[in-house]
Amino acid sequence: MVENEIFFEISSMIKEHPGSYEVKKRAAGYVAGLYPVGRIEETILTNTTMLPFNKEREDFVLFDSGYHSEEDVLVIEMQFKDCGKIISHVYPTMAAKKFTEEQKNDLRVLGALFQFYVGHNKIMTSLEMATTNNHMTGLPNPKGYIIRCMEMAKKGDIKQYDSCYFNIKGFGLANNMFGPVEGDNIIKRYAKDLSEFIEEDEVVGHLGGDNFVALIKRSRMDDFIDFILNYTGYGLKNEKRKEIKFGASIGIAPLNIETSRPMDIISEAALAFGYARATKQEIVVLDENLTGKLYKKKVIEETFETALEDGEFVPFYQPKVDIRTGSIVGAEALARWVKPDYVIKPAEFIPVLEENGNITILDFYIFEEVCKDIAKWVKQGNKPVPVSVNFSRKHLDDDNLADRINQIISRYDVARDKVVVEITETADYDEKELMTNFLDKMQIYDIKTSIDDFGSGYSSLGVLRDFSVNEIKIDRSFVDREEFSNRDRVIVGSIVNMAKDLGLSVITEGIETDVQLDFLRSLDCYFVQGFYFDKPLPKKKFEERLLNGGYKIKN
Ligand code: C2E
Ligand code: MG
Ligand code: MG
């Protein structure tokens, strides 16, 4: 019978760190001091379907006196359901040669106790591995990666590290070439090579697919970049091995942040990576300038909806003027994001909203605000001028675009000659049909349309031929100069004449100087919009302009 004291001694020895080789050796040594044991071996068999990178069989010698007999080996086994098995081999000393039955019983009990702790620990680590590691490559998954990084942050100076987010360039191609099964093998080999490249105090993680993250010492970053940019892997097809060169897109964020926000370790590098992809650069390092830019974008994306609800988006109105009389013949509504102490211009937020698709929400919002204003001006007895509103080409996918515009006009009871829908010219052939359908519908609803930035694309003549529009707005680039050549005169003159012959109105935008005004006048192009008369004005200012009746024209 094993004395209680021994039982507790072994159990307290091992239960704290049952995975540690040193601890297991100490416990084995303790047992060998009590019984005639010459050698103890331990074999752990793990079910590898749970963990691809885990070793299938691990063998340890826990105790060795140097003199043991192999005549009477005691084998103790414990099976852990589907997870694996532990086998211990206990050899008697050379002097004893055999264990007595009583000694065998004791050793079996102590062995079972020992194996219980070791096996239980093994299962727990396996489970933990399964939730913190990518199941295909065995590298830490995002959760595991962050845990590892946080451990390192606690231990050492994380500011000496760069965080890196990268993906394998050319993997999609390889996957097509070798098929998905070999594709997985390529990724596994890549992951293995990566884990061999990094040092013990560095971390590499697998986010899934061909996306990886790594925490690399700054002093080794150049080598690491060199490694992933010039990586050569291979694929097997019909048992033939074919080498493939892979590149990478890499985003790097120096970790000078305090690590109280662990997600930053991935997200900062991910920002740089996203930027690298968007701008087709191989490597982007996050610096203050870029952080500012990306931060702005993030803030715009994140605050857009609340800002819209809070009424921070408003239309400003830029008058359109007849240069023969100085009278205001229309206006363009241009979106502004008004903050308590500053105004954000479209150049900052329109591209972000175009990218995430929210531009369609903004356009309808501005359109509705404009309709409300027109309805109000009519009610007050003012004679409103037609107002153009910009609609992004992102709307063209929406089959109901024209219907929705029509519904809003009807809802506010706005006269159909008081609104114009501006949409920029497209050089994209696929969009042509969508654009034609939309413009045709607008004609049926009797809503005026205008082609914005006319001449900036390459399809301008096609626009005149194919699209049923009411107006073209000649792009600023045609008049943006201090003097005009005969060539300018011929080009702009032809556009104006052709449009007029087709029954379209023509307006020119971006007029700032007398020279430009005279040039247009000489071409009989009389409608303009530009800083020469006014910048886009807040509603109140614009209402004053309307009441004053327009501008004085120099002769
Ligand atoms: P756009 O529709 O071509 O509008 C004309 C732009 O030229 C406006 O810029 C206007 O302020 C500017 N502009 C007018 N006259 C002059 C001038 O004499 N000189 C110079 N240098 N510029 C002049 P803004 O308001 O910054 O808008 C820029 C662009 O943003 C617009 O170009 C339009 O494409 C887009 N945008 C503005 N509001 C909206 C909106 O509500 N929806 C959509 N989808 N786009 C909008
Ligand atoms: Mg416009
Ligand atoms: Mg324009």
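View 1. Glutamate 422 is buried at 1% relative accessibility, where buried means under 20% relative accessible area, exposed over 50%, and partly exposed in between (1.4 Å probe, protein chains only). This is a predicted model, in which local features need pLDDT of at least 70 and side-chain atom pairs count only at pLDDT 80 or more, while totals for chains, interfaces and linings use all residues. Residues are numbered from 1 along each chain as its sequence is written, chains are lettered from A and ligands numbered from 1 in the order in which they are written, and side-chain values use heavy atoms, with hydrogens and water left out. The magnesium ion (ligand 2) is coordinated at 2.0 to 2.2 Å by Glu332 (OE), Asn390 (OD1), Glu422 (OE) and Asp452 (OD). Donors are N, O and S atoms within 2.8 Å of the metal (3.2 Å for Na, K and Ca); water is not among the atoms, so sites may look incomplete. Asparagine 390 belongs to strand S14 (residues 387–390) and glutamate 422 to strand S15 (residues 419–424), so the pair ties together parts that are 32 residues apart in sequence. Helices (H or I, at least four residues) and strands (E, at least two) are DSSP runs, numbered from the N terminus. Asparagine 390 is partly exposed, with a relative accessible area of 23%.

**View 2. The magnesium ion (ligand 3) and the bridging aspartate.** Asp452 (OD), Asp453 (OD) and Glu509 (OE) coordinate the magnesium ion (ligand 3), at 2.0 to 2.3 Å. Their spacing in sequence is D-D-x55-E. Aspartate 452 bridges the magnesium ion (ligand 2) and the magnesium ion (ligand 3), which lie 4.1 Å apart. Aspartate 452 is buried, at 5% relative accessible area, whereas aspartate 453 is partly exposed, at 23%.

**View 3. The surroundings of ligand 1.** There are 23 residues around ligand 1, and Arg336, Asp363, Asp452, Glu512 and Phe531 come nearest; a residue is counted if one of its heavy atoms lies within 4 Å. A polar side-chain atom of arginine 336 is 2.9 Å from an oxygen atom of ligand 1. An N or O atom in the side chain of aspartate 363 lies 2.6 Å from a nitrogen atom of the ligand. For aspartate 453, a side-chain N or O atom lies 3.2 Å from an oxygen atom of ligand 1.

View 4. Helix H9 (residues 346–356) has the buried residues Phe349, Val352 and Leu353. Seen down the axis of H9, these fall within an arc of 95°, so they line one face of the helix; the arc is that of the directions from the helix axis to the C-beta atoms. The face turned away from the buried side carries the exposed residues Ala347 and Glu355. The buried residues of H9 pack against helix H8 (288–309), strand S11 (313–322), strand S12 (328–339), strand S13 (342–344) and helix H10 (359–379). Just after H9, glycine 357 takes a positive phi of about 90°.

**View 5. Isoleucine 40 in strand S1.** Isoleucine 40 lies in strand S1 (residues 37–46) and is buried, with a relative accessible area of 9%. Leaving aside neighbours within four places in sequence, isoleucine 40 is in contact (heavy atoms within 4.5 Å) with Ala28, Phe60, Val61, Leu62, Phe63, His89 and Val90.

Notes
Polar contact = N/O pair within 3.5 Å; in protein donor to acceptor, adjacent residues only side chain to side chain.
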